[in-house]
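The questions below concern the fold and packing of a single protein chain.

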Amino acid sequence: KTVSATDQNREYLESIVNEAKQLEDVLEEVLNYSDSLYPARDMWDVNHLVTGVCRELQGRLEQHRATFSIELDPGLPMAYIDYKQIAFCIRTILGNSMDTLTDGGAIRINTRLEGDDIVVDITDTGTDISPEAREQLTTPFSATQGLGSGAALPLCKTILDKHGIPFEMESAAQGGTRYIIRLPSRKEEA
C-alpha cells in the first residue's frame, strides 16, 4: 500500500524518520567527540571550552534571532574534566535551549567559581519545562515533543554522571530553563 499525503500514517512515518535522524546525529556526535563514555580527564580551561562551543554555534544562534550573552569569570582555575565530553554537554544544552526559543528569545551563559567548583550556568527564555518534563528530557526514549530536541540530553546526563557531576535543570526566574554544571577544579574531587 502506498502512503498518500492525507493518510494519518504519513504523519507517524515522518515522525519516525525525524527521530531516526536525530538519533543518527547524536550517535555521530558521540563518535566524533568521545571514544567512550568513560572520561579521559585532564586539566582544562573552561572559559576556552565555552568560548569555542559558542563560536561553533554562532550561525544557529543567528538563525534563531536569539539574544545571546556570555559572561566569563577571568579568574577561574583549570577544571579536571574530559574536554570533548563536557564540550558535547554544553553544545547539547545550548542546542536544546535554541530549540525551545521563539524569535527574540534569549540565552545567557556564564562561568564562575563557587568554592572549589567551576560553575557553567546556562539560562534561556524558551519553553518553561515542568519538573516531570525535565525528568523525561534526561530519560532515554521518552516522548518530549515540543520541549526541544532532547535527544542528546540523556547522553549528556550519562556523561556528567560518569564525571561524578550532577545535571541540574530548573525553571528560570524569568521563565524558561536554567542548566547548571559544577565542574571539579581538583583531581581528588573527580
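Q: How do the axes of α4 and α6 lie, and at what angle do they cross?
A: In this predicted model, the axes of α4 and α6 come within 9 Å. Their crossing angle is roughly 145°.

Q: Is the crossing of α4 and α6 left-handed or right-handed?
A: Two packed helices are described by the angle between their axes and the distance between the axes. Where α4 passes α6, the crossing is left-handed.

Q: Which residues of α6 meet α4?
A: From α4, the residues in contact are Q85, I86, F88, C89, T92, I93 and N96. Their counterparts in α6 are L153, L155, C156, I159, L160 and H163.

Q: Which residues of helix α6 are buried?
A: Helix α6 spans residues 153-163, and G164, with a positive phi near 80°, follows it. The buried residues within the helix are L153, P154, L155, C156, I159, L160 and H163.

Q: Is C54 buried or exposed?
A: The relative accessibility of C54 is 5%. Burial requires a value under 20%, so C54 counts as buried.

Q: In which sense do β5 and β7 pair, and over how many bridges?
A: Strand β5 covers residues 117-124, and strand β7 covers residues 177-184. D117 stands opposite P184 in β7. The pairing of β5 and β7 is antiparallel, over seven bridges.

Q: How many bridges join β2 to β4?
A: Strands β2 and β4 run parallel. Within this pair, S69 stands opposite R108 in β4. The number of bridges joining β2 to β4 is five.

Q: Which residue in the hairpin of β4 and β5 takes a positive phi?
A: Strands β4 and β5 pair in the antiparallel sense over eight bridges. E114 has D117 of β5 as its bridge partner. Two residues lie between the strands of this hairpin. The positive phi, near 65°, belongs to G115.

Q: With which side chain does T111 make a polar contact, and at what distance?
A: T111 lies in strand β4. T111 is buried because its relative accessible area is 4%, against a cut-off of under 20%. Leaving out residues up to four places away in sequence, T111 touches several residues, including V46, V50, E71, L72 and V119. The polar contact of the T111 side chain is with that of N47, at 2.7 Å.

Q: What distance separates the C-alpha atoms of G105 and G126?
A: G105 lies in the loop between α4 and β4, and at 6% relative accessibility G105 counts as buried. Apart from neighbours within four places in sequence, G105 is in contact with R65, A66, T67 and T125. G105 and G126 are 21 residues apart along the chain, and their C-alpha atoms are separated by 6.5 Å.

Q: What percentage of the contacts with a separation of 6 or more comes from residues 24 or more positions apart?
A: The protein chain has six helices and seven strands. Along the sequence they follow the pattern α-β-α-α-β-β-α-β-β-α-α-β-β. Of the 190 residues, 41% count as buried. Among contacts with a separation of 6 or more, those between residues 24 or more positions apart account for 74%.

How values were computed. Residues are numbered from 1 along each chain as its sequence is written. This is a predicted model: local features need pLDDT of at least 70, side-chain atom pairs count only at pLDDT 80 or more; totals for chains, interfaces and linings use all residues. Side-chain values use heavy atoms; hydrogens and water are left out. Two strands pair if DSSP finds at least two bridges between them. Helices (H or I, at least four residues) and strands (E, at least two) are DSSP runs, numbered from the N terminus. Buried means under 20% relative accessible area, exposed over 50%, partly exposed in between (1.4 Å probe, protein chains only). A polar contact is a pair of N or O atoms within 3.5 Å; within protein, one must be able to donate a hydrogen and the other to accept it, and residues adjacent in sequence count only if both atoms are side-chain atoms. Contact means heavy atoms within 4.5 Å. Axes are lines fitted to C-alpha atoms, for helices over the stretch in contact, and angles run from 0 to 180 degrees between N-to-C directions. A crossing is left-handed if the near helix is turned anticlockwise from the far one by less than a right angle, and right-handed if clockwise.
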